[in-house]
Amino acid sequence: MKLQPILDRRVVLVSGKGGVGRTTVTAALARAAAAAGKRVLVAEIEEPATQAQSTLARMFGREVLPVRPTLVAPGVHGCMLATEEGTEQFLGDVFRVQTLARLALRNAALRRLLHAGPSFHEMGIFYQLLHLVRQELPDGRPRWDFLVLDMPATGHTLALTALPDILLRLVRRGPIAAALREGQGWLNDARTGCAVVVTIPEPLPVTESLELVEGLQATRMHVAAMVVNKVPEDPFSAEERAALDELLPPGPLYGKEELARLERTRVSLERLRGAARAPVLAVPQFLADGQGAVEAMTAWFQAEEGLGLSGGGAR
Ligand SMILES: Nc1ncnc2c1ncn2[C@@H]1O[C@H](COP(=O)(O)OP(=O)(O)OP(=O)(O)O)[C@@H](O)[C@H]1O
Ligand SMILES: [Mg+2]
C-alpha cells in the first residue's frame with residue numbers, strides 16, 4: 001500500500017529531474033485519486049521565461065490550463081498557478097479593495113519586498129496554492145481534497161518549499177508572514193502535505209533523486225514516495241540470467257545493451273531501497289506514451305492499490 005499515503009494528503013508536490021515522467025505521474029495520480037472518489041485539482045506552475053506549451057494540459061487532451069480551475073476529466077479539475085494571479089489574490093485578500101491593492105503596490109517598501117529577488121515569482125505561486133487549499137464547499141468541506149502539483153525542475157521545487165523559512169526570516173509579522181505560516185502548515189505537516197520524487201532506474205538520475213529527497217527534507221517536506229518510473233520488464237530469474245551470461249560470447253551483441261539496462265535497473269532499485277529515504281514504488285515502462293502512458297499508469301496504480309472502481313479490487 002504505497003499509494004494510499006499519497007492519496008491521503010491534501011497537497012502533493014510531484015518533483016524530479018527533467019524528462020523522468022513527473023507530468024505523467026502527476027496526471028495518473030490525479031486520475032487514480034478521482035477514481036477513488038476524491039475532489040481532485042491538478043495544477044502546474046507557469047514558466048514565465050519560456051511560455052512553453054503545457055504538457056500537463058495535453059495529457060488531458062487540452063492545449064493550455066487556465067488560472068481558474070476547470071473540469072478536465074471526470075472528477076478532475078485543472079489549473080495553472082501564475083505569479084500575477086497569486087500576487088493579485090494576495091493583495092486583494094489583504095486590502096479587500098482593488099484600488100487599495102494598487103495603491104499599496106506603489107508603496108516603495110512593499111514593492112521592494114515583493115520584488116525581492118526570485119522570491120517574487122515563488123510568493124505569487126505559493127499564495128495561489130494557499131488560496132486553492134483554503135477553498136471550501138458551501139457545507140464547509142474542502143473544495144479540493146487532493147491537490148496534486150506538477151512541479152518544474154528540481155531547483156524550482158526547492159525554491160518553493162524553502163520560501164516560507166527564508167521569507168519568514170525577513171518578515172515576521174503582518175499578512176505576508178501569516179500567509180507563509182499558513183502555507184507552511186499545510187505543506188510541512190505530514191498529515192496534509194507531501195512530496196513525491198520521480199526518477200528513472202539509471203545511475204545519475206538516481207543520485208540526483210536522492211539529493212532532491214535530502215533537499216526536500218531539509219525544507220521540512222515529507223517525502224511520501226520515490227516513484228521509479230519506466231522500469232523495464234525483466235523476463236529472467238537470477239539463475240536464468242547467470243546461465244545466459246555464461247552463454248553469451250564476449251564483445252558487442254544485439255540485445256546486450258538491453259541486458260545491461262536490466263542490470264542498471266536492478267542496481268538502481270537496490271540502491272534506492274537501500275538508501276531508505278522513502279518508500280520506493282517501481283512503475284513499469286509502458287508501451288504507449290503521452291495520454292496512453294497516463295491511462296496505463298492510472299490503471300497500474302489502481303491495480304497496485306486495489307483502488308480500481310472495476311477490477312482493481314482483487315488484491
Ligand atoms: N511509465 C512510462 N511508460 C512509458 N512512457 C512513459 C512513462 N512515463 C512517462 N512516459 C513518457 O515519457 C515522456 C516524458 O514523460 P513526462 O512528460 O511525464 O516527463 P516530465 O518529467 O514531466 O518531463 P519534463 O521535464 O519535460 O516536464 C512522455 O512522452 C511520456 O509519455
Ligand atoms: Mg513535465
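How many nonpolar, polar and charged residues does the shell around ligand 1 have? Keep that in mind as you read; point 4 has the answer.

1. Let's start with the whole protein. This is a predicted model, with 13 helices and eight strands in the protein. Of its 315 residues, 39% count as buried. Among contacts with a separation of 6 or more, 73% are accounted for by residues 24 or more positions apart.

2. Now find two helices: α2, residues 22-35, and α13, residues 291-305. Their axes come within 8 Å and cross at roughly 50 degrees. The crossing in which α2 passes α13 is right-handed.

3. Have a look at who makes this contact. On the α2 side you will see Thr 24, Val 25, Ala 27, Ala 28, Arg 31, Ala 32 and Ala 35. From α13 come Ala 293, Val 294, Met 297, Thr 298, Phe 301 and Gln 302. Sorted by class, the contact of α2 with α13 has nine nonpolar, three polar and one charged residues.

4. Finally, turn to ligand 1. There are 17 residues around ligand 1, and those that come nearest are Gly 18, Gly 21, Thr 23, Thr 24 and Asp 289. Two or more residues of the shell are given by each of α2, β7 (223-231) and α13. Helix α2 gives the most, with three residues. And here is the answer to the opening question: the shell around ligand 1 has five nonpolar, nine polar and three charged residues.

Notes:
Residues are numbered from 1 along each chain as its sequence is written. Chains are lettered from A and ligands numbered from 1 in the order in which they are written. This is a predicted model: local features need pLDDT of at least 70, side-chain atom pairs count only at pLDDT 80 or more; totals for chains, interfaces and linings use all residues. Helices (H or I, at least four residues) and strands (E, at least two) are DSSP runs, numbered from the N terminus. A residue is buried if 20 or more other C-beta atoms lie within 10 Å of its own, exposed if 12 or fewer, and partly exposed in between; C-beta atoms are placed from the backbone. Two residues are in contact if their C-beta atoms, placed from the backbone, lie within 7 Å. Axes are lines fitted to C-alpha atoms, for helices over the stretch in contact, and angles run from 0 to 180 degrees between N-to-C directions. A crossing is left-handed if the near helix is turned anticlockwise from the far one by less than a right angle, and right-handed if clockwise. Ala, Val, Leu, Ile, Met, Phe, Trp, Tyr, Cys and Pro count as nonpolar, Asp, Glu, Lys and Arg as charged, and the others, Gly among them, as polar. A residue is near a molecule or strand if its C-beta atom, placed from the backbone, lies within 6 Å of it.
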